[in-house]
Amino acid sequence: MDRVSALDESLKKTLGPATAKVMAEQLDLHTVGDLLHHYPRRYEERGQLTRLADLPLDEDVTVVAQVADSRILKFNGGRGQRLEITLTDGSGRLQLVFFGRGIHKPHKDLLPGSRGMFAGKVSMFNRKLQLAHPTYVPLGTDSGDEAVDSFAGKLIPIYPACKGLESWKITKAVDAVLPRAGEAVDPLPPSLREGRGFVTLPEALLKIHRPDTKADVAEARDRLKWDEAFVLQVALARRRHADTQLPAVARKPVAGGLLDAFDAKLPFTLTDGQLAVTREIFADLATEHPMHRLLQGEVGSGKTMVALRAMLTVVDAGGQAAMLAPTEVLAQQHHRSITEMMGELAEGGMLGGPEKATKVVLLTGSMGAAARRHALLDLVTGEAGIVIGTHALIEDKVQFHDLGLVVVDEQHRFGVEQRDALRSKGKQPPHLLVMTATPIPRTVAMTVFGDLETSVLDQLPAGRSPIATHVVPAQDKPHFLARAWERVREEVAKGHQAYVVCPRIGDGEDEPKKKAAAKAAETDGDKRPPLAVLDIAKQLTAGPLAGLRTEVLHGRMQPDDKDDVMRRFAAGEVDVLVATTVIEVGVNVPNATAMVIMDADRFGVSQLHQLRGRVGRGSAPGLCLLVSEMPEASPARARLGAVASTLDGFELSRIDLEQRREGDVLGQAQSGVRSSLRVLSVIEDEDVIAAAREEAVGVVAQDPELDAFPELRTALDALLDTEREQYLDKG
């Protein structure tokens with residue numbers, strides 16, 4: 001069915017080219033339908049709007065007030081003139097000022113006693129608050145005037161506005177298209193709409209734009225939230241349904257194989273959580289359509305162990321498994337830890353290697369030609385059962401003998417295209433396991449990763465120690481920072497190791513970034529660019545950590561050098577590692593007990609939680625110190641306080657989400673498509689999302705092609721074009 005043409009009509013035709021151009025460029029609104037879905041951000045009542053006593057300096061405001069007096073003043077020897085108008089509302093006074101030729105119209109429009117709505121930026125001149133050249137709408141001169149009456153009795157919609165298009169201009173534009181709302185196609189099946197007592201879509205659009213009461217707004221928002229949640233969940237349910245129709249080779253556990261041999265030599269018992277998640281994964285692997293599972297696990301909850309057991313099961317069943325890691329450091333770390341965990345079971349094909357063994361191969365972009373040739377040969381012949389690599393795995397040259405399982409580590413670092421490129425290397429679609437140590441609130445998992453079944457590992461393995469986290473206010477209390485370095489020395493004296501993390505590298509190639517950071521710092525009212533690894537390492541070795549074995553690690557080092565530093569740190573030959581966030585994921589050194597994060601306010605909440613997870617991985621307790629120069633009352637310090645107060649990653653991910661635009665969560669940054677969510681909040685509307693998911697699953701199970709729901713199909717095409725649908729799970 002074609003989309004309804006009335007709502008597809010270009011705004012140029014309806015509003016004229018000038019207004020349409022601003023709407024397209026500044027607000028990404030192109031059609032009548034786009035404008036109808038540009039909802040008011042809030043609503044003002046007349047009393048709320050008119051308090052001149054509370055005007056904030058340097059902010060754009062909208063006020064309604066009465067003209068008290070108006071006068072034209074001459075300056076510059078009589079050559080220049082300005083119009084000064086004083087407004088009052090009983091609570092305070094505000095001056096309007098117009099210059100030059102711009103004084104004539106307002107002088108005529110704004111007579112003493114008249115009333116108007118005014119918008120502009122509040123500034124201070126001669127100790128008086130003023131708006132210079134404000135835009136305004138006269139509202140009539142006496143209270144009997146129709147405009148004032150209707151104005152007084154109604155809620156005023158305040159729209160998300162932009163430069164060149166104030167809220168009331170958008171109000172007028174919406175008035176021009178609102179009659180078309182009657183032609184909006186209602187995506188909700190009638191039985192669902194009536195069953196839940198929702199108003200129709202045309203009625204919801206009228207009520208959200210021109211409500212008579214607050215109850216109208218609530219009724220409209222409830223309905224429109226449902227539309228957004230439901231259409232999104234239908235798209236995801238169809239994607240899940242399509243995946244279940246794909247063929248895959250079932251990979252069932254084999255008794256007496258590699259997995260049994262591996263389990264027999266494990267020096268510890270798996271946690272209940274690991275066993276439960278493994279059962280879910282094994283059940284998926286045994287089916288003849290591809291597994292699509294998201295494994296969420298707190299830092300250090302043993303996700304790699306779960307993934308390795310799944311990979312060994314696939315190898316036992318005659319297939320190969322590939323693990324895709326976002327960085328070379330992490331790929332090398334995974335390769336090292338997996339070969340160590342497997343021991344001789346990773347020596348397949350070698351002289352003296354046990355009969356039940358396979359080869360574990362590493363493939364990264366920086367490998368030498370000979371090593372690379374060997375690795376590619378092992379993959380194509382099937383000699384290597386397990387391969388661990390970076391984006392290099394996706395290249396055309398890489399061929400597998402029989403790819404049965406793809407494990408993607410740290411999903412948020414990869415796009416859906418990269419995930420699919422690796423999956424396309426199987427003769428049939430391989431099973432897919434996506435792992436993340438960034439805890440994702442349930443609502444986001446349902447919304448962003450809605451095409452994946454979710455497993456959660458929330459139990460830490462025995463022997464893991466708690467991590468104490470403290471904020472170090474370097475500016476207010478410099479002696480706290482001195483104490484932080486003493487604590488690092490104390491940990492090293494006990495035979496432990498420490499990390500120092502900085503936001504920047506700081507070498508010559510870093511100069512453009514440094515300048516950009518300095519510029520950003522200026523605009524933020526900050527004094528300096530972020531601290532750098534190379535600078536801090538120099539200061540520490542010459543000062544508070546003199547005499548300790550200190551090394552640096554960052555992303556611009558040669559891969560061999562990086563690997564060498566990590567190997568020596570893991571072996572205990574380095575006391576303090578000064579690094580960038582390359583250590584954020586996957587680095588596992590149980591003997592490291594302390595971490596000092598410099599300029600901690602420059603990192604996000606989830607990132608700080610990830611970094612902190614690098615310590616306390618052994619039997620000794622962990623310590624994480626968040627160093628910041630931000631003032632105590634700042635939002636940045638509040639954020640650090642939140643990280644220090646809890647080790648619950650899910651709680652922190654909620655805080656993180658509340659501080660970011662939700663559009664980011666929905667991957668609009670990657671897709672380049674504006675988020676389709678306008679009234680739905682993925683945090684607050686958990687019950688709506690869960691209920692919509694349930695309804696969507698029912699509808700898609702009954703009618704995957706939506707033949708019986710042409711209006712829903714239309715809404716799906718309109719809100720989620722093919723490109724957007726593909727990006728839904730990009731996260």
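Here are some questions and answers about how features of this predicted model get their labels.

This is a predicted model, so local features need pLDDT of at least 70 and side-chain atom pairs count only at pLDDT 80 or more, while totals for chains, interfaces and linings use all residues. Residues are numbered from 1 along each chain as its sequence is written, and side-chain values use heavy atoms, with hydrogens and water left out.

Q: Why is C502 called buried?
A: Buried means under 20% relative accessible area, exposed means over 50%, and partly exposed is in between (1.4 Å probe, protein chains only). C502 has 0% relative accessibility, so it counts as buried.

Q: What makes T580 buried?
A: Its relative accessible area is 9%, so T580 gets the buried label. T580 sits in the loop between β19 (576–579) and β20 (592–597); helices (H or I, at least four residues) and strands (E, at least two) are DSSP runs, numbered from the N terminus. Leaving out residues up to four places away in sequence, T580 touches V501, C502, R504, I505, V533, L553, H554 and G555, where contact means heavy atoms within 4.5 Å.

Q: Why is the F75 and F99 pair called edge-to-face?
A: Rings of Phe, Tyr and Trp (its six-membered ring) pair if their centres lie within 6.5 Å; planes under 30 degrees apart count as stacked, over 60 as edge-to-face and the rest as tilted. F75 and F99 are 6.4 Å centre to centre with 90° between the planes, so they pair, edge-to-face. F75 belongs to strand β2 (residues 60–75) and F99 to strand β4 (residues 93–99), 24 residues apart.

Q: Is F75 buried or exposed, or partly exposed?
A: At 33% relative accessibility, F75 is partly exposed.

Q: What makes the F198 and W226 pair tilted?
A: The centres are 5.7 Å apart and the planes 50° apart, so this pair falls in the tilted class. F198 is in the loop between α9 (190–195) and α10 (201–209), and W226 is in helix α11 (residues 214–244). With 15% relative accessible area, F198 is buried, and W226 is buried too, at 5%.

Q: How do you know that β11 and β12 pair?
A: Two strands pair if DSSP finds at least two bridges between them. β11 and strand β12 (residues 384–389) have five bridges, so they pair, in the parallel sense. Both belong to an open sheet of seven strands, in the order β11-β12-β10-β13-β14-β9-β15.

Q: Why are β11 and β15 called edge strands?
A: β11 (359–363) and β15 (453–457) each pair on one side only.
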